[in-house]
Amino acid sequence: MPAPKPKASRVLLVTSAALMSLSLTAPAALAAPTPSTTPSATPPADMSTVGGTRLGHPGTQVNLAAGVPVLPKDITGRSWIVSDAESGEVLAAHNAHWRLPPASTLKMLFADTVLPRFPKSTPHQVVSADLAGIGAGSSMVGIKEGQTYTVHDLWLGVFLRSGNDAVHVLSAMNGGVEQTVRDMQDHADELQALDTHVVTPDGYDQPGQVSSAYDLSLFARSGLQKKDFREYCSTVRASFPGDTTKNAKGKSVRGSFEIQNTNRLLSGDTDIPVYQGIAGVKNGNTTNAGATFTGVAERDGRVLLVTVMNPEKKEHNEVYKETARLFDWGFQAAGKVTPVGELVPPKGAVGSSATPRATAVGKDDGASSKPVAASSANGSGGIGVALAITGGALVLLLGAAFLVNRRWPLPDLVRRRTRP
């Protein structure tokens, strides 16, 4: 299928004031809580208003009007958000700033922070200290002490298998886990992801580690500007280095095994097909966080981001099913619905002295405050067409204005490829 032609008006000029939001100093009420074993089912009455005052309200925020499709009735995620990945417009949201445990979706922030620091061909021989401190029950790609892996191998382990072992090795290369956590927190602050408090680089459950559907969307949007990030998060399957053994001639031979992306909208499963136009981004699942997921998809030249956190309906693959329904709604509603907020740009894109302010995008009138609901799942495999995202784009500064190319994270549309 040929890529759709880009529309004429691809450049949107917005003043920096319109793109700012909330003070950089989070109020005491938003101090990072200590998550309980079972997070509360009730969102706080007051949440951050970064990106718009509507986004700080509990419940569903959407501007329903003539011609705007009704939101799906079976969405049970405690928090979710549908946004335009290019313009940053938030089309609809539900408890967007609720600070919840993020699970492995936090690896998007890890990748956006650390990925640019090491060339992909860099080799690293793993030592025991690299694998120290990995949480019990962690997802692993199968890294072995004494074996050598390239940075490329390690990132495949992070994105496809959500390997905490790969995260810890890359963290060791970056100066250690504590240094990496500090770097991630600094980067989250730069992205104006003020709901996020980083405790571990891999998203493993720890007291006080929280993020939000809004912040996870910021991480995805920032990461998708990086070519390697786009390639890794859209890879369905790859060969990963295995053990080194001796062949019949006594020569050392390195084995390999196949790994497949655990993002079921990308790889498919018995009860869920590959989503048309899907191109990543990252999934997660822990006892404390439940299932979490951020996805990006393109259809007819429109690129959307959807994040869903912790569906109350505990069916197999539920987070992907709810994400798919929100994508369907977003593609139908885009261009018809008035936004309820926006994904703010990084601080550096609007000047170092800029302070985020609350921006009221859309009106409070007609906002739905009802939660919406879900379905069931199971399996593996799946052949479909998705996106291999290529190219890059720059965020430009023009004085006090923030010049945003509509193709910001996915600049030159995409080329489609058939999944293996």
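Let's start with a crossing: helix α2 passes helix α3 in a left-handed way. Keep in mind as you look around that this is a predicted model. The contact between the two helices is made by Lys107, Phe110, Ala111 and Val114 on the α2 side, and by Trp155, Val158 and Phe159 on the α3 side. Sort those residues by class and you get six nonpolar ones, one charged one and no polar ones.

Look at the numbers of the α2 residues in that contact, and a bit of helix geometry comes in handy. An α-helix has 3.6 residues a turn, so residues three or four places apart point the same way.

How do the two helices lie relative to each other? Helix α2 covers residues 107-114, and α3 covers residues 151-161. They pack at an angle of about 160 degrees, with their axes 11 Å apart. Angles over 145 degrees count as roughly antiparallel, and α2 and α3 are therefore roughly antiparallel to each other.

Eight of its eight residues are buried, so the helix is largely enclosed by the rest of the structure. Among the buried residues are Met108, Leu109, Asp112 and Thr113.

You'll find Thr294 in strand β10, which spans residues 290-299. Is Thr294 buried or exposed? It is buried, with a relative accessible area of 0%.

Methods. Residues numbered from 1 in each chain as written. Predicted model: local features only at pLDDT ≥ 70, side-chain atom pairs only at ≥ 80, totals over all residues. Heavy atoms only, no water. Buried < 20%, exposed > 50% of the residue type's maximum accessible area, 1.4 Å probe, protein only. Helix = DSSP H or I, 4+ residues; strand = E, 2+ residues; numbered from the N terminus. Axes fitted to C-alpha atoms, helices over the stretch in contact; angles between N-to-C directions. Parallel < 35°, antiparallel > 145°, perpendicular 65-115°, else oblique. Left-handed = near helix turned anticlockwise from the far one by under 90°. Contact = heavy atoms within 4.5 Å. Nonpolar A, V, L, I, M, F, W, Y, C, P; charged D, E, K, R; others polar.
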